[in-house]
Amino acid sequence: MPNKPRTLYDKIWDAHEVERRDDGTSILYIDRHLVHEVTSPQAFEALRMTGRTVRRPELTLAVPDHNLPTTPRLDDAGNRIPIADPMSAQQLAALERNAPDFGIRYIDANHVTQGIVHVVGPEQGFSLPGSTIVCGDSHTASHGGIGALAFGIGTSEVEHVLATQTLLLKRSKSMEVRVEGTLGEGVSAKDLILHIIGVIGTAGGTGHVIEYRGPEFEAMSVEERLTVCNMSIEGGARAGLIAPDETVFRYLKGRPLAPKGADWDEALAYWKTLHSDEGAVFNKSVTIQASEVEPTVTWGTSPEDVVAIGGVVPDPASFADPSKQEAAAKSLEYMGLTPGQRMQDVPVENIFIGSCTNSRIEDLRAAAKVLSGRKKADNVKWAIVVPGSGLVKQMAEDEGIDAIFKAAGFEWREPGCSACLGMNPDKVPPGERCASTSNRNFVGRQGPGARTHLVSPAMAAAAAVAGRLADVRELG
Amino acid sequence: MEAVSTIEGRAYPFGAKNVDTDVIISAEWLKTITREGLGQGAFESVRAKPGNVFDDPEYAGAPVLIAGDNFGCGSSREHAAWALLDMGIKAVIAPSFSDIFSGNAFKNGILTVELPQDQIDRLMEVAKDHPVFIDLESQTVTTPFQDRFTFDVDPFRKHCLMNGLDEVGLTLEQDAVISKYETGRQDKMAWLAKGTETYA
């Protein structure tokens with residue numbers, strides 16, 4: 001009898017199931033664990049208190065990213081500049097102590113390979129197709145872009161993985177998001193994922209792992225795939241996946257922690273089996289026409305509050321669900337917008353290009369292409385670019401991209417999470433707007449009272465030039 | 001983890017949908033290296049508005065929170081669960097929860113109770129002036145009136161909650177099966193086992 005067709009998710013799950021219990025809970029083996037300074041101190045502390053050790057220290061990689069200021073970290077003499085905020089400094093110091101204490105490889109804040117965990121993992125070849133990857137951060141879903149089953153965990157689970165290299169989990173349901181046709185000119189991976197979240201809603205993927213399927217994903221670069229999978233959690237799915245292919249294999253070959261020699265050949269043979277079988281059944285399926293996707297912006301305080309750049313602020317009364325009407329009215333009050341207002345008439349004072357969603361080299365290239373020979377508008381007070389890692393920053397500088405940003409009036413910063421969540425000093429002032437390439441437009445996310453409009457890197461650049469939300473296709 | 005069997009007392013009739021973890025505890029509060037004291041930062045943006053339920057003396061110290069759909073969406077921060085715990089909340093009742101939040105809540109002994117919206121509406125009404133009772137053994141929520149709502153709970157989670165079991169301790173007892181898996185993997189997928197050990 002032929003084997004039952006399996007989804008990509010089934011294949012990765014099955015290969016990692018250590019044991020399945022009668023109650024349906026499984027012990028799932030974890031291949032790769034990324035640790036940063038914010039969600040790990042309490043986990044290490046718990047290990048200390050219980051006298052537990054780290055089972056497989058070589059499967060965990062630690063790097064600070066959330067708290068670090070993005071201003072220069074070394075003075076002219078090459079000495080480290082201390083972090084001004086004592087709480088942030090304390091958290092960084094805890095990771096610097098915990099990693100070596102438990103035998104975990106640590107990337108120093110001043111090393112060129114430092115960056116946002118979800119940029120560093122693939123870049124170093126630590127994240128691999130077919131592996132299970134976890135991190136105490138919900139945007140771990142990003143690594144699904146290279147074909148890994150990757151999801152965010154809480155601090156108790158961080159402790160569980162450190163101590164046992166496993167997690168206790170129930171198999172999720174599977175959801176297919178199929179995109180048919182091809183995206184129009186000037187429409188990016190970010191626009192597509194924002195559009196998808198608008199269609200399925202922020203709870204659309206709850207309890208599911210999404211597999212993104214269709215020619216558009218196959219044509220995407222690794223960077224674009226990471227952007228798409230990154231925001232799976234904004235659609236409620238703990239993980240998102242795209243089947244790995246030659247594009248991914250090419251990307252990984254030769255990276256520092258990627259397999260080498262005979263190991264590479266073995267890995268490659270296995271990776272080529274990682275795709276949903278013909279006839280595999282998904283619990284849920286959504287089909288999207290790529291031709292309907294426009295450059296997209298958010299108008300509210302939930303990532304599902306999306307509209308095409310040519311559109312207007314919706315009328316809360318236009319929503320069928322009374323609770324959504326109420327939520328929309330509250331969002332508009334917070335955002336300072338009125339129903340019917342054209343999105344292109346919304347002025348922005350701040351621009352943030354960065355975050356684990358859009359801080360990779362291709363993102364910076366896309367923004368720089370729009371900014372080349374242009375300047376930010378006078379009403380834009382603050383425009384920053386925060387590369388995803390030191391290596392991205394270096395590559396951009398080698399290409400002269402930093403010069404384009406600086407000439408356009410942008411600040412060129414050091415790598416980290418920065419204004420995506422404003423744990424470091426990079427915050428948007430209360431009541432001001434920010435066209436941001438990050439992933440969440442929640443109330444207060446970029447700072448108390450900050451008003452976030454989620455956009456793609458090219459659209460953020462267009463907004464900087466126009467001084468308002470703008471259609472990048474009309475800039476010419 | 002403390003064992004949980006019954007929870008009774010007043011409930012915050014909050015009711016909001018899509019409450020994200022940034023709302024439960026904002027990023028500024030994540031800089032701590034302990035689990036304690038986060039209650040004072042809980043629902044900061046909600047509490048900035050006068051007349052909010054969290055500052056209403058009527059509900060001070062309530063062990064239950066009633067919310068709308070998709071509670072705890074967004075970030076994986078377990079600080080959200082710690083903040084609720086520090087406020088004295090032992091159970092959240094909502095029509096649905098985000099996957100990561102419900103796991104985090106469970107690991108901190110907070111019961112997440114899923115009930116349909118019409119029952120939530122009824123509890124919101126009752127909670128304004130009266131206590132609610134949650135019994136994990138019989139999986140029921142009751143009120144001083146004739147309301148009796150039953151809820152589903154994962155059997156493994158129920159067992160852990162009722163006995164105050166530590167998940168890490170439980171899994172460590174499975175050392176032999178984990179070791180066996182690792183040995184098998186070393187044979188079949190050596191390329192995956194190296195991790196941060198660089199290739200010579």
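# Reading a two-chain predicted model

Mentor: Start with the contact between the chains: chain B gives 49 residues and chain A gives 64 residues. Two residues are in contact if their C-beta atoms, placed from the backbone, lie within 7 Å. This is a predicted model, in which local features need pLDDT of at least 70 and side-chain atom pairs count only at pLDDT 80 or more, while totals for chains, interfaces and linings use all residues. Residues are numbered from 1 along each chain as its sequence is written, and chains are lettered from A and ligands numbered from 1 in the order in which they are written.

Trainee: Which element gives the largest share of the side of chain B that touches chain A?

Mentor: Helices (H or I, at least four residues) and strands (E, at least two) are DSSP runs, numbered from the N terminus. On the side of chain B that touches chain A, the largest share, five residues, comes from H4(B).

Trainee: How do I read the sheet in chain A, and which strands stand at its edges?

Mentor: Look for pairing first: two strands pair if DSSP finds at least two bridges between them. Here four strands of chain A form an open sheet with parallel pairing, in the order S11-S10-S9-S12. Strand S11 (239–241) and strand S12 (284–289) of chain A are at the edges, each with a single partner strand, so one side of each has no neighbour in the sheet.

Trainee: How many bridges join S9 of chain A to S12(A)?

Mentor: Six bridges join strand S9 (residues 173–180) of chain A to S12(A), and the two run parallel. In S12(A), Lys284(A) is the bridge partner of Met175(A).

Trainee: Which residues of helix H2 of chain A are buried?

Mentor: A residue is buried if 20 or more other C-beta atoms lie within 10 Å of its own. In helix H2 (residues 41–50) of chain A, these are Pro41(A), Gln42(A), Ala43(A), Phe44(A) and Ala46(A). The buried residues of H2(A) pack against helix H3 (86–101) and helix H5 (155–164) of chain A. Just after H2(A), Gly51(A) has a positive phi of about 70°.

Trainee: Which residues touch the most other members of the largest nonpolar core?

Mentor: A nonpolar core is a set of buried Ala, Val, Leu, Ile, Met, Phe, Trp, Tyr and Cys residues joined through C-beta atoms within 7 Å. The largest has 206 residues, and Ile351(A), Ala463(A), Val64(B), Ile66(B) and Ile93(B) touch the most other members. Its largest share, nine residues, comes from helix H15 (residues 457–466) of chain A.

Methods
A residue is buried if 20 or more other C-beta atoms lie within 10 Å of its own, exposed if 12 or fewer, and partly exposed in between; C-beta atoms are placed from the backbone.
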